[in-house]
Amino acid sequence: MTKKRKRLGAITKGSLVEGLEMKLDSAQSIEEIKAGKFIVIDGEKNQFFSMITDMRLDSTNPEILLNPPDEENGIMREILSGTNTYATVCLKPMLMVDKTTCPEEKPEIRPVKSIPAHFSGVYEAQDEDVSKIFGDEGLGTKYFNIGTPLDMKSPVCLNLERFVERSNGIFGKSGTGKTFLTRLVLSGLVRNSKAVNLIFDMHNEYGWDARKEGGGSAFVKGLKQLFNEKVAIFTLDPDSTRGREVQPDFTVQIPYNQIEVDDVLPLEEVLNLTSTALESSYLIRSRFEKEWLRTLLDQDSRDLSDFAEEIGADAKSIGALHRKLSRLKDFKFLTKKAPQVDAVQKIMEYIEKGKHIVLEFGRQSSLLCYLLVANILTRRIHHRYIKKTENYLCTKNPSDEPKHLVITIEEAHKFLNPCAAKQTIFGIIAREMRKYYVSLLVVDQRPSGIDDEVLSQLGTRITSQLNDEKDIQAVLTGVSNTAGLRAVLASLDSKQQALILGHAVPMPVVIKSRNYDEDFYRDMIKSSYTGKVVDISRVIARW
Amino acid sequence: MNKSGEVLESSTREVMAECRDKDSIPPLGSLVKIETTPVILAVVYNVFTYCIEPNRRPTAYGLSIEELEEEQPQIFELLKTAFQAVIVGFYQDGVYHQFSPPLPPSLHSFVYPCSEEELKSFTEGKDFLRMIMNLNRGQSDEIIISFVRQAWTAYKRDKLFLIDMGKELSILFKDDYDRLRSIMRRIMK
Ligand SMILES: Nc1ncnc2c1ncn2[C@@H]1O[C@H](COP(=O)(O)OP(=O)(O)O)[C@@H](O)[C@H]1O
Ligand SMILES: [Mg+2]
């Protein structure tokens, strides 16, 4: 051990299931102990890497609590502190490392299967512990620095290769830093080429110049500015995109005849459609096939009852359907004629070239528009991916292997609520676990609105502050033994702090997320990956 | 240094010593050392007077001390002051040991007051408090108060010293919070 570790206390009791308790040394101030802090327990044979989950004040004698020392009597308070009154800190051990492995060997890091003996010392973790557990960018492109543990400087790395193996979620209430975290993660995926990204960018925050709250420059760079030709900006609203002095690579237009009834189903909630209205859309579809929607919208509202009669549907529900779907007529990107270049075709071309796509919605930032477009495009893209995967399984030719695609959606609970998740394409993708090389990155402020089954499929969850108990519970769906983590989640700062748990990190950890600033841009812009030379040699020497 | 007294009764637990004159009486709760080998340390827990003639009892004369010394000098020969001190450790090979010495102090050895420096070095350990606590409770609390006040003065009323001492006492008193509070209050007065 290079530097002397700072001791915090000694383990006094606990269990494997419920976690451990330590008595805080009286020299330590309880106010410096934070929930979520990363610490090490030095057992006899193992080191246990753990997280502080909770803490409480205890006393040996209830009488003291009835007659607390007078306020001015600081000496009495100090005498009692650590002897008669003391702080107990609850810890959740996550991983253990055998201390007896010789230094040249790579230590084996295992999930905890035992607990440290009585009075084992508890210490603050050191930088080298963080890299031992979470890897180091110097060790290869699979590691991506996403932030630092509380009160520490050494980076916590996300294992991007594991990250893209599943669908993932980024949660937190509004203003906590979800969009910034998403930009960080996406930057990692783009820079280290671990997957191709398609981002449904509802508020135009990912491609070019996005707003930032608070001090300093009011804008931060988008992915296009950081990665230039690796990223393309597609838009639904070219005027808005150009208005922000961004030259879009492609303008997405969708002809009415590409919209299927299945694309309208997810709009049930936003449009407040009744199920009978939806049924009647099937009737129209069976009669007019691909032109069903245009035919419906072209009807004059006065002639609707005739139209209903003609196809044998209920006039009332046809009326409702017509009235509600007429909102789609406001969308300029919906065209009567097929556009010259099919959007899905174009998207697939870019993906095949490994280019990442940010699809800006411009001023079309209504939920209706977002749901509609994301569903239409994703359904088709997914369809193509199924074909490509099947082809690859047939030929087994490496060049046929589809590129991993990560689709980022915001307001995910609108796509993945228990009702929608059963029928929409996003529910299918979330549940099939990347069987067809497509996975989701869902960004949401109300995880409790997302279907449980989908939540439990999420591989990695990066969660900022949440206040609603239901949301906290939702984020921990499918995670065993969550008592401690719940308290940690509830105590996160309101900005730039997050709990990461799941597949891409060896143990849950609370981080202060990496600053998305000039330094970050510089690191990203380094064209090919080199890392810091010093770091590599240091790391190699250590392993 | 002024002698405090001479040992007249001795055991490994405590000593009784007679004071040479009234100026050499050690204050209650003070740390004294008995010059034997090894040097033994004790804390004064009782100071009293007695008459050396078993058949005589002192009587009241109604005179001032000066007048008495003038007119009845013999009574001062007959009346003696002595003190009892509980042994709290000994000094050997450059260290203070805070447990009973192997042998009692020899009779007629001299007792001296400890200097502030000696008091400070000795109170770096806190285990001696237990030996004071072995006195009966009414006595021990008073002795602890006087002793700690003197030591605290030697430490120039350093807060940290008092906190350390308080912590030790709070462990010794177990759950007796009232006792601890009352003692600490009186020490700090
Ligand atoms: N990693 C970060 N680097 C710099 N600033 C951040 C970071 N995370 C959050 N912030 C600050 O917090 C504000 C809110 O973050 P944002 O991602 O827009 O929240 P959300 O999307 O959850 O509503 C940002 O405008 C920025 O000022
Ligand atoms: Mg946001």
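Start by selecting ligand 1: it has 16 residues around it, and the ones that come nearest are A:G175, A:K178, A:T179, A:E213 and A:R514. A residue belongs to this surrounding group if one of its heavy atoms lies within 4 Å of the molecule. Before you zoom in, remember that you are looking at a predicted model, where local features need pLDDT of at least 70, side-chain atom pairs count only at pLDDT 80 or more, and totals for chains, interfaces and linings use all residues. Residues are numbered from 1 along each chain as its sequence is written, chains are lettered from A and ligands numbered from 1 in the order in which they are written, and side-chain values use heavy atoms, with hydrogens and water left out.

**Stop 1: around the ligand**

Show the backbone of A:K178, where an N or O atom lies 2.8 Å from an oxygen atom of ligand 1. For a nitrogen atom of ligand 1, pick A:R514: one of its backbone N or O atoms is 2.8 Å away. These are polar contacts, meaning pairs of N or O atoms within 3.5 Å (within protein, one must be able to donate a hydrogen and the other to accept it, and residues adjacent in sequence count only if both atoms are side-chain atoms). Ligand 1 taken alone exposes 560 Å², and the protein buries 89% of that; the areas come from the Shrake-Rupley method with a 1.4 Å probe, and for residues only the protein chains shown count as cover.

Now colour the shell by class: two residues are nonpolar, eight polar and six charged. Here Ala, Val, Leu, Ile, Met, Phe, Trp, Tyr, Cys and Pro count as nonpolar, Asp, Glu, Lys and Arg as charged, and the others, Gly among them, as polar. Which element gives the most to the shell around ligand 1? Select residues 178-191 of chain A: this is helix 5, and it gives three residues.

**Stop 2: the whole of chain A**

Zoom out to chain A, whose C-alpha trace spans about 90 × 55 × 50 Å along its principal axes. Of its 543 residues, 54% count as buried. Buried means under 20% relative accessible area, exposed over 50%, and partly exposed in between (1.4 Å probe, protein chains only).

Go to helix 3, residues 127-134 of chain A, and highlight A:D129, A:V130, A:S131, A:I133 and A:F134, which are buried. Just after helix 3, A:G135 takes a positive phi of about 80°.

Next, pick A:T241 in helix 7 (residues 238-243) of chain A. Is A:T241 buried or exposed? At 0% relative accessibility, A:T241 counts as buried. Draw a C-alpha distance from A:T241 to A:F361: the two are 120 residues apart along the chain but separated by 8.7 Å.

Then try A:K99, in the loop between strand 5 (85-98) and strand 6 (109-111) of chain A. A:K99 is partly exposed, at 35% relative accessible area, and its C-alpha sits 6.3 Å from that of A:Q47, 52 residues away in sequence.

**Stop 3: salt bridges**

The structure holds 35 salt bridges over all chains, each a side-chain nitrogen of Lys or Arg within 4 Å of a carboxyl oxygen of Asp or Glu. Select A:K422 and A:D451, whose closest N and O atoms are 3.7 Å apart. A:K422 is in helix 17 (residues 418-423) of chain A and A:D451 in the loop between strand 20 (438-444) and helix 19 (452-457), so the pair ties together parts 29 residues apart in sequence. A:K422 is exposed at 57%, whereas A:D451 is buried at 7%.

Switch to chain B, which averages a pLDDT of 90, with 99% of the residues scoring at least 70; pLDDT is the predictor's confidence in each residue, from 0 to 100. Pick B:D141 and B:R179, a salt bridge with closest N and O atoms 2.7 Å apart. B:D141 lies in helix 5 (residues 137-154) of chain B and B:R179 in helix 7 (residues 177-188) of chain B, 38 residues apart. Both partners are buried.

Terms used:
Helix = DSSP H or I, 4+ residues; strand = E, 2+ residues; numbered from the N terminus.
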